[in-house]
Amino acid sequence: MAEQVATGSMSGLRSALPLLLPAYLWLTVAIFLPLSAMVFFSSMTELPLSGKAWSFTLENYATFFSERLYLTLLLASLRLGLEVTLWCVVIGFPAAYVLAKVLKGRSREAIFLLVILPFWSNGLVRIFSWAMVLREGGILDTALNAVLPFKINIDLMYSYPAVVIGLVHSYVPYMVLTCYLTLQAIDDSLIEAGRSLGASRLQMLRRVIIPLSMPGLVAGAALIFVPVVGSFMEPRILGGRTGTFYGTVIEDQFVAVFNWPLGAALSFILLAVVLVILALTSPVLRRAA
């Protein structure tokens with residue numbers, strides 16, 4: 001019996017191989033080859049394209065541990081990632097619940113369209129739009145002064161809150177979409193049964209809805225936290241000098257300083273830290289999911 005199952009699985013794998021091969025080939029070309037090149041660059045003293053003599057070294061990795069600034073910026077980026085993820089949960093989960101369980105028909109389609117609208121615009125357009133809203137004399141400042149009887153000065157540009165606002169706007173759709181899928185799969189009869197047994201809305205949320213929607217929360221948190229830790233566009237444009245994080249330093253090494261070996265080493269250290277965090281939290285996340 002076991003041999004028949006193994007034979008059937010092997011035949012199924014052979015029939016599916018032509019369909020799997022293009023995807024895995026693309027992953028190999030688009031992910032593993034660039035990563036291999038970056039590993040090669042990170043262990044060099046000079047970039048070969050510069051025409052200077054080069055040799056293999058681990059000095060680029062040692063620089064991270066010898067310069068305290070890099071560790072400080074990495075911790076700041078991890079804090080930024082946690083903060084943005086938390087705000088995305090606070091904003092995205094209620095929106096996903098309303099989409100999945102409250103709204104019906106055309107109203108749901110309209111709100112859903114507004115949620116995914118940021119995906120249809122360029123990232124730089126979104127960031128500069130927030131710059132026009134948050135700067136002194138911008139849209140928010142002008143609108144509030146037109147309504148309020150007293151004059152106020154709203155200038156959030158080049159500040160930490162501006163960076164958080166820009167990142168939350170960019171990534172909250174991921175949380176809405178992942179939570180929407182899991183909430184949509186929850187049978188409405190479970191909620192009705194809980195209410196008929198006298199459970200309050202808070203009890204239903206804590207004991208039924210959140211546990212059953214935890215896979216969507218976990219997936220959304222992972223999709224948000226990982227790219228936010230290495231983000232550089234929003235901190236650079238909306239944060240100014242206060243927006244110096246680990247991702248902006250990596251960008252400087254590649255673009256401004258043209259020190260690709262150090263930039264590649266810092267990138268792999270960030271990748272290693274993120275993988276360690278995901279590995280340490282995976283047992284908890286697996287039980288939650």
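Leucine 86 is exposed, with a relative accessible area of 55%, where exposed means over 50%, buried under 20% and partly exposed in between, for a 1.4 Å probe and protein chains only. The residue is found in helix α3; helices here are DSSP runs of H or I of at least four residues, numbered from the N terminus. The C-alpha atoms of leucine 86 and leucine 58 are separated by 36 Å, although the two residues are 28 apart along the chain. The model is predicted, so local features need pLDDT of at least 70 and side-chain atom pairs count only at pLDDT 80 or more, while totals for chains, interfaces and linings use all residues. Residues are numbered from 1 along each chain as its sequence is written, and side-chain values use heavy atoms, with hydrogens and water left out.

Helix α3 spans residues 68–102, and its axis comes within 8 Å of that of helix α12, residues 246–255, with a crossing angle of roughly 125 degrees. Axes are lines fitted to C-alpha atoms, for helices over the stretch in contact, and angles run from 0 to 180 degrees between N-to-C directions. On the α3 side, the contact is made by Tyr70, Leu73, Leu74 and Ser77, and on the α12 side by Tyr246, Gly247, Val249 and Gln253. Contact means heavy atoms within 4.5 Å.

A search of the whole structure finds four salt bridges. Such a bridge is a side-chain nitrogen of Lys or Arg within 4 Å of a carboxyl oxygen of Asp or Glu. One of them joins lysine 101 to aspartate 188, the closest N and O atoms being 2.8 Å apart. Lysine 101 lies in helix α3 and aspartate 188 in helix α8 (residues 188–196), so the pair ties together parts that are 87 residues apart in sequence. Lysine 101 is buried, at 17% relative accessible area, whereas aspartate 188 is partly exposed, at 35%.

Arg236, Glu251 and Asp252 are linked in a network of salt bridges. Arginine 236 meets glutamate 251 at 2.8 Å, N to O; this pair links helix α11 (residues 233–239) with helix α12 across 15 residues. Arginine 236 also meets aspartate 252, at 2.7 Å, N to O, and here the partners are 16 residues apart, again in α11 and α12. Arginine 236 is partly exposed, with a relative accessible area of 34%. Glutamate 251 is partly exposed at 22%, and aspartate 252 is partly exposed at 26%.

A nonpolar surface patch of about 1000 Å² includes Leu20, Trp26, Ile31, Phe32, Val226 and Leu278. Helices α1 (2–42) and α13 (260–288) each supply at least two residues of the patch, and α1 gives the largest share, seven residues. Isoleucine 31 lies in α1 and is partly exposed, with a relative accessible area of 37%.

Leucine 144 is found in helix α6 (residues 139–147) and is partly exposed, with a relative accessible area of 30%. Apart from residues up to four places away in sequence, leucine 144 touches Ile152 and Ile154. Leucine 144 and isoleucine 269 are 125 residues apart in sequence, and their C-alpha atoms are 44 Å apart in space.

Key:
Patch = residues over 30% accessible without salt bridge, like charges linked within 9 Å, V, L, I, M, F, W, Y side chains within 5 Å. Areas by Shrake-Rupley, 256 points an atom, 1.4 Å probe, with all protein chains shown as cover.
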